Amino acid sequence: MPSFTAEQVASHNTEKDVWVYDVTNFLGEHPGGKKILLKVAGTDASKQFDQFHNAAILEKWGPKLYKGDIGDAVAEAAAESEEPESGLVEGEAFGELIPFGDPYWYQDWYSPYYNESHRKLRAAVRQFVDKEITPYCFEWDEQKQIPKSLFLKAAEAGILQGICGGWHTKYTERPPIGGVKPEEFDAFHEFIICDELSRCGSGGVLWGLIGGLGIGLPPVIHFGSDYLKDKVVKDCLQGRKNICLAITEPSAGSDVANLLTEAKKTADGKFFILNGEKKWITNGVFADYFTVACRTGGPGMNGVSLLLVERSMPGVTTRHMPCSGVWASGTSYITFEDVKVPVENLIGKENKGFKCIMYNFNHERMGICIQANRFARVCVEEAMRYAHKRKTFGKKLIEHPVIRNKLGHMVRKVEATHCWMEALIYQTTKMQEDMQMLKLGGPIALCKVQATQTMEFCAREAAQIFGGLAYSRGGQGEKIERLYREVRAYAIPGGSEEIMIDLGIRQSVKVAQLSGAKL
């Protein structure tokens with residue numbers, strides 16, 4: 001990269017020659033007109049740019065437009081690149097240290113939950129997200145799809161394999177990201193992967209990448225036959241194939257036990273003939289496999305089974321559903337018309353699928369908790385940054401008590417929710433699996449409500465702090481505008497808030513009575 005003096009750069013200040021970032025061909029396209037750019041042509045306009053633009057703009061377009069370094073910038077950049085990576089030992093801060101922009105253990109606080117392997121994984125995932133995902137979220141969301149290459153990159157990095165509940169060495173082709181040993185991988189590594197991926201600030205991109213995989217593949221892993229696992233798991237974990245979970249129907253959402261899609265066995269007992277509809281299915285638009293809940297027996301929960309349906313089977317039709325948020329997630333309406341499914345594609349036992357679904361819900365809902373709370377934290381971080389540069393009435397927003405009050409209420413909700421999640425996740429590292437289904441279902445359901453309501457509160461308050469910028473797609477308020485639209489996509493799927501609150505109390509009371517509580 002060539003180097004220039006400030007005097008040399010200052011001479012490039014005409015309509016035909018504007019740089020140090022060469023925006024000559026962009027003058028006529030600038031939303032504010034070309035004169036704004038010409039006024040600062042050939043000068044250091046960093047402060048003016050920062051006041052009106054998102055930093056991701058430079059990250060994406062800067063390398064293509066950059067003409068060279070000025071003065072000592074080369075030496076300064078080299079010195080920065082030689083600095084050792086921080087945050088890899090206990091008590092050492094990690095990240096940009098924006099107040100409450102990351103969990104406490106990132107900012108030199110001590111924690112009993114994390115060790116060196118967690119810190120290495122955290123650093124590696126953040127680097128991947130900052131380079132491969134965040135700069136492109138707006139573009140992919142507007143296009144309503146993510147590129148196939150992202151699945152392959154995430155798998156090659158050792159990320160995709162870590163969001164399905166444990167590390168499944170038999171079906172992976174590489175170790176976990178960050179140099180973590182497969183035998184070291186635990187629930188907190190998965191927590192960090194999901195949390196760091198969520199920093200991109202796009203539910204659509206996040207669900208597009210891991211939404212179907214994280215909830216559609218675990219039933220196959222935990223309850224599928226060796227035949228099914230060998231057929232499906234490795235290709236999905238390696239990003240070569242996609243899978244989704246198809247439970248919700250036009251007439252049945254949270255009321256899973258009363259779903260209508262049915263599968264009847266053929267007279268020779270070799271196939272199920274599947275008929276029915278599924279709605280709001282994440283990743284259904286591009287999925288190769290569908291983990292389908294259907295009725296194979298009588299009414300109620302005891303007549304439900306899970307089948308692995310393949311897109312190549314005749315009678316499977318999917319179409320994209322336009323929704324208010326999560327645009328890149330491939331939300332779909334699926335129709336099954338006389339689909340001939342081999343009995344070998346039965347997941348678990350016939351008419352015992354409801355138990356598999358319930359087992360899967362704890363993992364699904366905890367994933368929603370992690371994502372929703374990080375999105376709330378993204379709102380805190382973005383609002384905190386903006387409040388430190390935006391001025392009104394002669395002073396920065398952060399100097400106004402009403403803005404600090406908003407941020408304070410956002411923070412207390414985010415931090416409380418994060419502590420609750422850590423406590424629940426810790427139980428999954430110690431408690432037997434059958435006891436987890438019994439004891440953790442209620443608290444996780446309530447935690448989901450806490451997380452999604454925290455996201456809703458923080459998205460609203462951040463939008464108030466950003467003002468009109470949070471009402472416009474793209475630009476400085478990009479993440480806030482998008483997350484505000486995506487709140488309902490977290491409050492409803494996986495069990496609506498009303499259902500979750502009732503379930504949380506009912507199940508917790510039942511567990512207490514079984515434990516001998518005197519109620």
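This is a predicted model: local features need pLDDT of at least 70, side-chain atom pairs count only at pLDDT 80 or more; totals for chains, interfaces and linings use all residues.

**Entry 1: ground rules and rings.** I count two rings of Phe, Tyr or Trp (its six-membered ring) as a pair if their centres lie within 6.5 Å; planes under 30 degrees apart are stacked, over 60 edge-to-face, and the rest tilted. By this rule I get 18 aromatic pairs. Residues are numbered from 1 along each chain as its sequence is written, and side-chain values use heavy atoms, with hydrogens and water left out.

**Entry 2: two ring pairs.** I picked W167 and F185, which form a tilted pair, 5.3 Å centre to centre with 50° between the planes. W167 and F185 are 18 residues apart, both in the loop between α8 (148-157) and α9. (Helices are DSSP runs of H or I, at least four residues, and strands are runs of E, at least two, numbered from the N terminus.) Buried or exposed, I wondered about W167? W167 has 10% relative accessibility, so I call it buried; the word means under 20% relative accessible area, with exposed over 50% and partly exposed in between (1.4 Å probe, protein chains only). F185 also has 10% relative accessibility and counts as buried.

Next up were F188 and F191, with ring centres 6.4 Å apart and planes at 50°, so this pair is tilted too. They sit 3 residues apart in helix α9, which means about one helical turn separates them. Both F188 and F191 are buried. They also belong to one aromatic cluster with F94, W105, Y106, Y113, Y114 and Y426.

**Entry 3: α9 against α13.** At what angle do these helices pack? For α9 (residues 187-197) and α13 (residues 353-387) I noted about 45°, with the axes 8 Å apart. Axes here are lines fitted to C-alpha atoms, for helices over the stretch in contact, and angles run from 0 to 180 degrees between N-to-C directions. That makes α9 oblique to α13: under 35 degrees is roughly parallel, over 145 roughly antiparallel, 65 to 115 roughly perpendicular, and the rest oblique. In this contact (heavy atoms within 4.5 Å), E190, F191, C194, D195 and E196 of α9 meet H363, G367, I370, Q371 and R374 of α13. I sorted the contact residues into 3 nonpolar, 3 polar and 4 charged. Ala, Val, Leu, Ile, Met, Phe, Trp, Tyr, Cys and Pro are nonpolar, Asp, Glu, Lys and Arg charged, and the others, Gly among them, polar.

**Entry 4: α13 against α17.** I then followed α13 to helix α17 (residues 478-491), where the angle is about 155° and the axes are 11 Å apart. α13 and α17 are therefore roughly antiparallel. On the α13 side I found I368, Q371, A372, F375, V378, C379 and E382, touching K479, I480, L483 and Y490 of α17. By class, this contact has 8 nonpolar, 1 polar and 2 charged residues.

**Entry 5: two single residues.** N373 is in helix α13. With a relative accessible area of 2%, N373 is buried. Beyond its neighbours within four places in sequence, N373 contacts K413, V414, T417, H418, M421, A451 and T454.

Last, I465 in helix α16 (residues 441-466). I465 is buried at 5% relative accessibility.
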